[in-house]
Amino acid sequence: MLHSIYRHIAVTLCGLFATLSANSSEPILTDTHRFTEIRDNIWLAQTTEPVFNSNALVIINEDDVVLIDSHVTPNKARQLIESIKVLTSNPITTLINSHHHWDHAHGNQVFADIPIIGHEFTYMRLATTPLEEPTYVRGLEGNASGLVRIQGQIDAEQDPEQKKDLQEYLAIFSAHVNDFDEIDPIPPTITMNDRMTLFRGDREMQIIFLGRAHTGGDLAVYFPDSKVVFTGDMAFAGPSFLGDGYVDEWPQTLRNLAKLDFDIFVPGHGGPVTDLSRLELVALYYEDLWEKSEALHHAGVPYEQAAKTIDLTNHTEIPIRNIGADPLAIERIYYRLENPD
Ligand SMILES: [Zn+2]
C-alpha cells in the first residue's frame with residue numbers, strides 16, 4: 001500500500017518537477033546512482049534502479065562529506081557509499097536521519113562507525129521495534145504482492161520482447177526484495193529536539209525541528225549560505241504520505257519552514273522544488289482535510305466510508321480531481337482526534 005502510494009506520489013510529483021526543476025548542470029551517473037548538484041556541492045542522490053527508494057542528500061565539504069538519509073536497505077546504502085567516490089575522496093563523517101521511516105533509515109546499519117544524528121522521536125522509533133512499524137510492514141507486503149503481480153504479468157504476456165523485459169524487471173525486483181533480509185535497523189547515536197548546527201569547512205548546516213508533520217520527529221536541514229533546504233517527507237510540491245502524520249499541526253510546520261530564507265527545497269522523494277507557493281497550497285489543503293475529516297468523525301461516519309466520500313476537489317491547484325482520500329490518511333486523522341497529545 002505504502003509502496004503504491006509513494007509510487008503514485010512520485011509519478012504525480014515528477015510531472016510537476018518537470019516544470020519546477022531548477023537544475024542547471026547535467027547529472028552525474030554511476031552504475032547505481034544519479035547525482036544532481038543542487039547548489040554549492042550539495043548533491044541530490046537517487047538510485048537508478050526501478051524500485052522504491054528515497055532521496056539522499058550528499059553534502060561535500062572542504063574535508064568531509066555529510067549525508068542525509070541512508071536509503072531503503074543496507075545494500076542500497078553501500079551502493080551509495082561506492083558511488084559517492086565518483087564525486088569526492090573526502091570521507092563520509094556524519095549521517096543525518098530526516099525521520100524514522102524505513103525507506104529513509106533502513107540503510108543506517110552500514111553507517112555504524114560514524115555519528116548518526118536524529119530527532120529523539122526518530123531514536124525512539126528506531127531503537128524499539130522498527131520492524132513492527134506499520135509503514136514497514138506495509139512495505140514488506142508491497143514487496144510480496146509486487147513479486148506476485150510481476151510474475152502474473154509475465155505469465156499473461158504473449159509478446160516475447162515484453163516478456164523478456166518483464167523477466168529482467170522481476171530479477172531486479174527480486175534481488176531488491178532479498179536485500180531486505182539483512183535489515184537490522186540502528187537508531188541515531190546523537191539525538192536532538194529543536195536545533196543543532198554543524199560547521200564544516202566554510203559551510204553552515206542548520207538541522208532544525210520545525211514542528212510535527214509527516215512524523216513526530218521530522219528534521220529539516222537548512223544551508224543558509226546556499227539558500228537550500230532538505231525537507232525529507234515533511235514538504236513536497238503536493239501532499240505527502242499522511243499515515244503517520246500530525247495533519248492538525250502540519251500546516252503550522254510548513255509555515256515555519258516557509259519563514260526560512262531559501263529559494264529551493266529538496267524533498268525526500270522526487271526532484272527539487274523552486275515554486276515555494278506550493279507550501280501554502282499544501283498547508284491549506286491539510287487544514288481543509290483535517291476540518292472535513294473532523295466533521296465526518298463528529299457525524300459518526302466510519303473512516304473507510306469517509307475516505308470514499310470526503311470532497312477536497314476545491315483544491316484544484318494541488319490538484320485534487322476526484323472525490324475521496326487515502327483511507328490511511330483519514331484513519332490517522334481519526335486516531336489523532338480520538339488520541340490527542
Ligand atoms: Zn516518510
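1. Two residues are in contact here when they have heavy atoms within 4.5 Å of each other. With neighbours within four places in sequence set aside, T73 is in contact with H106, G107, H176, D179, F180 and I183. The model is a predicted one, in which local features need pLDDT of at least 70 and side-chain atom pairs count only at pLDDT 80 or more, while totals for chains, interfaces and linings use all residues. Residues are numbered from 1 along each chain as its sequence is written, and side-chain values use heavy atoms, with hydrogens and water left out.

2. T73 sits in the loop between strand 5 (65-68) and helix 2 (74-87), where helices (H or I, at least four residues) and strands (E, at least two) are DSSP runs numbered from the N terminus. T73 counts as buried because its relative accessibility is 0%; buried means under 20% relative accessible area, exposed over 50%, and partly exposed in between, with a 1.4 Å probe and protein chains only. The side chain of T73 reaches the backbone nitrogen of K76 at 3.1 Å, and T73 and N108, although 35 residues apart in sequence, are 8.3 Å apart in space, C-alpha to C-alpha.

3. H104 belongs to helix 3 (residues 102-105) and is likewise buried, since its relative accessibility is 0%. Its side chain is joined to that of H269 by a polar contact of 3.3 Å; a polar contact is a pair of N or O atoms within 3.5 Å, where within protein one must be able to donate a hydrogen and the other to accept it, and residues adjacent in sequence count only if both atoms are side-chain atoms. Beyond neighbours within four places in sequence, the residues in contact with H104 include D69, H71, H99, D233 and H269.

4. Some backbone geometry deserves a check, because most residues other than glycine have a negative phi, and most peptide bonds are trans. D69, in the loop between strand 5 and helix 2, has a positive phi near 75 degrees, and this residue is buried at 0% relative accessibility. D40, in the loop between strand 2 (33-39) and strand 3 (42-47), has a positive phi near 50 degrees, but D40 is partly exposed, with a relative accessible area of 43%. The peptide bond from I318 to P319 is cis, with omega near 0 degrees, and P319 lies in the loop between helix 9 (303-309) and helix 10 (327-338).

5. The chain is divided into domain 1 (2-131 + 184-275), domain 2 (132-182) and domain 3 (276-341), with bounds that come from an automatic or database domain assignment. Between domain 1 and domain 3 about 2200 Å² is buried, 64% of it given by carbon and sulfur atoms; buried area is the accessible area (1.4 Å probe) that two parts lose on being put together, summed over both. V247, R255 and D275 supply 24% of the area that domain 1 buries against domain 3, more than any other three residues.

6. How many salt bridges does the rule find across the interface of domain 1 and domain 3? There are five, a salt bridge being a side-chain nitrogen of Lys or Arg within 4 Å of a carboxyl oxygen of Asp or Glu. The side chains of D248 and R336 also meet in a salt bridge, at 3.0 Å from N to O. Eleven residue pairs are in polar contact between domain 1 and domain 3, both residues at pLDDT 80 or more.
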